[in-house]
Amino acid sequence: MAYQSLRLEYLQIPPVSRAYTTACVLTTAAVLELITPFQLYFNPELIFKHFQIWRLITNSLFFGPVGFNFLFNMIFLFLVCL
């Protein structure tokens, strides 16, 4: 029952905001298991000389490790994107 209300709330978010919020959560989840934050930061030399284009996007999607600050960042992101 709670899952369905959470799902309905998620589906009521506008599509662009939903995509951005989902990308932020997935990037943070990837840092927990697959990658390190060192692989996400903005470094112009790596972007232009080594063609690591993902660094242009991922530095704005990562809000730090999962914790109280991450929760508040996601809440504020949700409220601002509505």
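Predicted model: local features only at pLDDT ≥ 70, side-chain atom pairs only at ≥ 80, totals over all residues.
The largest nonpolar core consists of five residues: Cys24, Leu61, Phe70, Met74 and Leu77. Helix H5, residues 68-81, supplies the largest share of this core, namely three residues. Leu61, a member of the core, has contacts beyond its neighbours within four places in sequence; these are with Tyr20, Ala23, Cys24, Thr27 and Thr28.

Let me turn to helix H2. Helix H2 runs through residues 15-33 and has 19 residues. From its first C-alpha to its last, H2 reaches 27 Å, close to the 27 Å expected at 1.5 Å a residue. Its buried residues are Ser17, Arg18, Thr21, Cys24, Thr27, Thr28, Ala30 and Val31.

Within this helix, I would draw attention to Thr21. Thr21 counts as buried because its relative accessibility is 14%, the cut-off being under 20%. The side chain of Thr21 reaches the backbone oxygen of Ser17 at 2.8 Å. Leaving aside neighbours within four places in sequence, Thr21 is in contact with Met74 and Leu77, both of which belong to the largest nonpolar core.

Finally, a loop residue. Gln52 lies between helix H3 (44-49) and helix H4 (55-58). Is Gln52 buried or exposed? With a relative accessibility of 17%, Gln52 counts as buried. Apart from neighbours within four places in sequence, Gln52 is in contact with Leu46 and Ile47.

Note on methods
Residues numbered from 1 in each chain as written. Heavy atoms only, no water. Helix = DSSP H or I, 4+ residues; strand = E, 2+ residues; numbered from the N terminus. Buried < 20%, exposed > 50% of the residue type's maximum accessible area, 1.4 Å probe, protein only. Contact = heavy atoms within 4.5 Å. Core = buried A, V, L, I, M, F, W, Y, C linked by side-chain atoms within 4.5 Å. Expected span 1.5 Å × (residues − 1). Polar contact = N/O pair within 3.5 Å; in protein donor to acceptor, adjacent residues only side chain to side chain.
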